[in-house]
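Work through the following exercises with the structure open. Each task is followed by a stepwise solution.

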Amino acid sequence: MNLKNNVRLRHTENLLSSCFREIDENIEDIIMRIQDETEGVPVRTVKSFLSKIPSVVTGADIVQWLMKNLSIDDPAEAIHIGSLIAAQGYIFPISDHVLTLKDDGTFYRFQAPFFWPSNCWEPENTDYAIYLCKRTMQNKTRLELADYEAENLARLQRAFARKWEFIFMQAEAQVKIDRKKDKTERKILDSQERAFWDVHRPVPGCVNITEMDIRKCRRMKNPQKVKKSVYGVADETQSQSPVHAPAPRCRKDTKDDMEKEVSFLKTQLDRHCMKMSKVAETLMSYTEQYLDYDPFLTMPEPSNPWMSDDPTFWELEASKDPSQQRVRKWGFSLEEALKDPAGQEQFLRFLESEFSSENLRFWLAVQDLKRRPLQEVPDRAQEIWQEFLAEGAPSSINLDSHSYERTSQNLKDPGRYSFEDAQDHIYKLMKNDSYTRFLRSNAYQDLLLARKKLETDQGRRTSLEKFTRSVGKSLSGKRLTGLMQSS
Amino acid sequence: MGEMEQMKKEADGLKTQIEAARKAVADTTMSAASAAVAPAPRVQLKTRRTLKGHLAKIYAMHWATDSRLMVSASQDGKLLIWDSHSGNKINAVPLKSSWVMTCSYAPSGNLVASGGLDNMCTVYNLKTPVVKTVKELDAHTGYLACCRFLSDSEILTASGDTTCALWDIESGKQKTVFLNHVGDCMCLSLSPDMNTFISGACDSLAKLWDVRDGTCKQTFQGHTSDVNAISFFHNGNTVITGSDDCTCKMFDLRADQEVISYQDAQLNAGVTSLALSVSGRLMFAGYDDFNCNIWDTLKGEKVGVLSGHDNRVSCTGVPPDGMCVCTGSWDSFLKIWN
């Protein structure tokens, strides 16, 4: 698949340029080819009721040509590509404001290169006002304004109340120029002009494809080349639109940069790469483990509040009694247990029973330290040192001498990460030692197997009542489908 | 000049070796390995809520940790705070600059932040009787593409000036600046343990950074155009990216390379945003063609589509409890699906 660099037309953020990924040309090359006298589609003048329709091709002809010349087998794909070309305004239906391609006898015309998107058009509302205004000045049915255009004109008259005289004069001048042209030529030019405005001021209901993500605007080619006026009107209102601020200059690679890159690459090379099969295995087991906790894959109980409009699930989660399912999750990893406030509390209580709660309290204190405002950090770090590590500390934790030395050095200039080593060490200790015992403890097992004491039997019954009630509600309501899908 | 050339040669040599090392561990592909896994069910989600209130394109949204409140930012110059379940607007924060590109909800629920073409990240307090500006973080020389709170006192930003930064909100200063990208930074995602984060940029790369020492730990290449969206997998070892090249990719930190690519010959639109379900099995990706596609992350297959927006899907988000997915669009609406 050839990824030829297409001309990055201003509007091709993705839609068209990526479409032409598989085709080794850019749009304008194709447009030139399709209009070629010998190799292109036949452009004809068609006799209509009282007049002639100059310079048209049928939609079917265009689709045929695209299929033959771009090696497309599927007509649907050719229509798709043709529609994308039409949406940009390179070809347009002569009797419709909506820019799509139809595979039938509908008549299309080619857009004048002057109006091509590659000219970086950003026509102002003053231009649009002149355009609509001049159309009302000529007594031609084909130039009558559509409803939405009349509304737009009224809106612009209000917006440009003060300079309407100027706009009116410009419109008159344009009419004078237009009148000088040959009748057939005018028909064609008028339709091309209209197609241009159909792109930049689309019919309501159509998306304005010229709208760009403002983050990408700045990197478009030649922002200086932006054409703002169709009718030669200078625009005084905005010297520079906010989206066209100059891009930051690119630095050239210095020797320092190269050294950094080499050292970075060396680190990368030294890094141990895990086998893909092992990566796949861990990902599969992870998703498997959390399957029950993914509401998109397993229906939550008693119900998904978004489907049933019943917030019971959230109420239960917020209550003091964690569900069995939640308790089970604490057994996945120490991270999961600590992530859940109820899990953290249970683990802390367990550690208290083993007289090692200072480990978790230290870990929590350091976590908190890391999130404090800079100003508070030095004092708080000292407090932590005093509480957990200093000689005769009230909640003395057990650190290996190496970590202890490092930490005490760090405290000379205390910062958010002064306790990283110590925290790591304590975490590993909890994970490998206390955590596994916690999972085997009666307290945890009781919760996991819902072996509740007599006094909390009441609690269990009311949860069951709530569950029954909500199931009843859901079954009787319209949300039957949700529950049915789960079974 | 000779020295530079020598170093360039050395760098090229190392790159070749790295490529070889990566190839050596590629003993299978993700699709092959996951063939044995039961397929994800065909997902047909319905719109459960349509949140109407913005008057112009929505550029960003972010769920609060309670999985009910959310913040959305629109070019109508407003941040809206929603109780999405009831559909009520809790707060409307008027912005000084209407060219907003990002918004974020602090884990505590006390603060929200926004930023855009004004090159600043503005932090607001939601808990005062009237929403007040807490700080204007002003030091970037390019637009603010993305921001994420670590806590009420720290926030990470990604900017069009090609840098990311960690700020101390109280002092308004940048604590750490992350320099390495050569293109506009478009997005960032924090690891579950908040010790690292990953960023995507217009240089088509994704980079892993250490929050603590400010260094770039790993670089992931594979995309051929701007990386617009990025998210950590919940295991903290894997990352998913979305790009203007119309594909999404999964990269694994341990394998140091691309694991699988999510693409389709029919898809001709760039990816604007993405979000993962709680187990990570499903990925919701918003595209320029107005749809949001649902992918089976293990098998690399499309398993559903969310169609309903009348313009491009600009942002996607799954709340922490994973109960639904929210899409925000240039059509000015937010939709909640499940």
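**Exercise 1. Overall build of chain B**

Task: How many helices and strands does chain B have, and does its radius of gyration agree or disagree with that of a compact globule?

Solution: 
- Start with the secondary structure. In this predicted model, chain B comes to 2 helices and 28 strands.
- Take the extent next. Along the principal axes, the C-alpha atoms of chain B fill a box of roughly 60 × 50 × 30 Å.
- Now test the radius of gyration. A compact globule of 338 residues would have a value near 20 Å; chain B has 20 Å, so the two agree.
- Of the 338 residues in chain B, 67% are buried.
- Finish with contacts. Among those in chain B with a separation of 6 or more, 43% link residues 24 or more positions apart.

**Exercise 2. A sheet in chain B**

Task: In what order do the strands of the 4-stranded open sheet in chain B lie, and which are the edge strands?

Solution: 
- Read off the order. It is β6-β7-β8-β9 in chain B, and the pairing is antiparallel.
- Find the edges. β6 (100–105) and β9 (132–138) of chain B each pair on one side only, which makes them the edge strands.
- Zoom in on one pair. Strand β8 (residues 120–125) of chain B runs antiparallel to β9(B), and 6 bridges join them.
- Locate a residue pair. Thr122(B) stands opposite Glu136(B), which lies in β9(B).

**Exercise 3. Two helices in chain A**

Task: At what angle do α17 and α18 of chain A pack, and which residues meet?

Solution: 
- Recall the description. Two packed helices are characterised by the angle between their axes and the distance between the axes.
- Apply it. Helix α17 (residues 357–370) and helix α18 (residues 377–389) of chain A pack at about 175°, with axes 10 Å apart.
- Classify the angle. Over 145 degrees counts as roughly antiparallel, so α17(A) and α18(A) are roughly antiparallel to each other.
- List partners. The α17(A) side includes Phe362(A), Val366(A) and Leu369(A); the α18(A) side includes Ala381(A), Ile384(A) and Phe388(A).
- Sort by class. The contact of α17(A) with α18(A) has 9 nonpolar, 5 charged and no polar residues.

**Exercise 4. A loop glycine**

Task: Is Gly392(A) buried or exposed?

Solution: 
- Gly392(A) is in the loop between α18 and α19 (401–410) of chain A.
- Apply the cut-off. Exposed means over 50%; Gly392(A) has 74% relative accessibility and therefore counts as exposed.
- The C-alpha atoms of Gly392(A) and Asp413(A) are separated by 22 Å, with the residues 21 apart along the chain.

Technical notes:
Residues numbered from 1 in each chain as written. Chains lettered and ligands numbered in written order. Predicted model: local features only at pLDDT ≥ 70, side-chain atom pairs only at ≥ 80, totals over all residues. Heavy atoms only, no water. Axes fitted to C-alpha atoms, helices over the stretch in contact; angles between N-to-C directions. Parallel < 35°, antiparallel > 145°, perpendicular 65-115°, else oblique. Contact = heavy atoms within 4.5 Å. Nonpolar A, V, L, I, M, F, W, Y, C, P; charged D, E, K, R; others polar. Pairing = 2+ DSSP bridges. Rg over C-alpha atoms; globule rule 2.2 N^0.38 Å. Buried < 20%, exposed > 50% of the residue type's maximum accessible area, 1.4 Å probe, protein only.
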